[in-house]
Amino acid sequence: MDKLVNFLLVGLGGALGSMLRYGMTLICAALNLSGNAATLGVNILGSFLIGLFTGCCKDGSLLLLLTVGLCGGFTTFSTFSMQNVRLLQDGKIGLAAIYIISTVVVCILMAWLGYKLGQTR
């Protein structure tokens, strides 16, 4: 039963996070800011929030709701950021550097590849 409740809480948090992300896009558009500004703002705020929630919440349903759900729906960059904080805290600086560089480079390349493949349709 706990797994089902956690599953539903993550879904609820994800829905709220997605709506907040879209809301940030609407606010930036109303302020005549680019979509890039919205994405940057979401990534910065989401990274701060996941750090805050991880720092102040004990493991459990509330943490899942706020981190995997809310922050995950708002921005997956927040999860990436927190994972790197943990690697650095564990002294795994080289692994963190590899993870950061490979994630950014490979994800940009894959976005480009997907875009190019999508243009062939």
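Residues count as buried at under 20% relative accessible area, as exposed at over 50%, and as partly exposed in between, with a 1.4 Å probe and protein chains only. By this scale Gly-72, at 22% relative accessibility, is partly exposed. Gly-72 belongs to helix α3. Its C-alpha atom is separated by 21 Å from that of Leu-88, 16 residues apart along the chain.

The model is predicted: local features need pLDDT of at least 70 and side-chain atom pairs pLDDT 80 or more, whereas totals for chains, interfaces and linings use all residues. Residues are numbered from 1 along each chain as its sequence is written, and side-chain values use heavy atoms, with hydrogens and water left out.

The protein chain contains five helices and zero strands. Helices (H or I, at least four residues) and strands (E, at least two) are DSSP runs, numbered from the N terminus. Along the sequence the pattern reads α-α-α-α-α. The C-alpha atoms fill a box of roughly 45 × 40 × 30 Å, taken along the principal axes. Of the 121 residues, 26% count as buried. Contact means heavy atoms within 4.5 Å. Among contacts with a separation of 6 or more, 56% come from residues 24 or more positions apart.

Helix packing was examined next. Two packed helices are described by the angle between their axes and the distance between the axes. Axes are lines fitted to C-alpha atoms, for helices over the stretch in contact, and angles run from 0 to 180 degrees between N-to-C directions. Angles under 35 degrees count as roughly parallel, over 145 as roughly antiparallel, 65 to 115 as roughly perpendicular and the rest as oblique. A crossing is left-handed if the near helix is turned anticlockwise from the far one by less than a right angle, and right-handed if clockwise. For residue classes, Ala, Val, Leu, Ile, Met, Phe, Trp, Tyr, Cys and Pro count as nonpolar, Asp, Glu, Lys and Arg as charged, and the others, Gly among them, as polar.

Helix α1 (residues 2-30) packs on helix α2 (residues 35-56) at an angle of about 135 degrees, with the axes 9 Å apart. The two helices are therefore oblique to each other. α1 passes α2 in a right-handed crossing. From α1, Arg-21, Met-24, Thr-25 and Cys-28 take part; from α2, Ala-37, Ala-38, Thr-39, Gly-41 and Val-42. By class, this contact has five nonpolar, three polar and one charged residues.

The loop between α1 and α2 holds Asn-32. Asn-32 is exposed, with a relative accessible area of 72%. Its phi is near 60 degrees, a positive value in a residue other than glycine. Most residues other than glycine have a negative phi.

α2 also packs on helix α3 (residues 61-74), at about 175 degrees and with the axes 10 Å apart. This makes α2 roughly antiparallel to α3. On the α2 side, the contact involves Val-42, Leu-45, Gly-46, Leu-49, Ile-50, Phe-53 and Thr-54. On the α3 side stand Leu-63, Leu-66, Thr-67, Leu-70, Cys-71 and Phe-74. The class totals are 10 nonpolar, three polar and no charged residues.

α4 and helix α5 (residues 93-119) pack at an angle of about 160 degrees, with axes 8 Å apart. They are therefore roughly antiparallel. The crossing of α4 past α5 is left-handed. α4 contributes Phe-80, Gln-83, Asn-84, Leu-87 and Leu-88 to the contact. α5 contributes Ile-93, Leu-95, Ala-96, Tyr-99, Ile-100 and Thr-103. Eight of these residues are nonpolar, three are polar and none is charged.

Aromatic rings of Phe, Tyr and Trp (its six-membered ring) pair if their centres lie within 6.5 Å; planes under 30 degrees apart count as stacked, over 60 as edge-to-face and the rest as tilted. By this rule there are two aromatic pairs. Phe-77 and Phe-80 form a tilted pair, 5.4 Å centre to centre with 50 degrees between the planes. Both lie in helix α4 (residues 77-89), three residues apart and so separated by about one helical turn. Phe-77 is partly exposed, at a relative accessible area of 37%. Phe-80 is buried, at 11%.

Tyr-115 counts as exposed, at 51% relative accessibility. Tyr-115 and Ile-101 are 14 residues apart in sequence and 21 Å apart in space, C-alpha to C-alpha.
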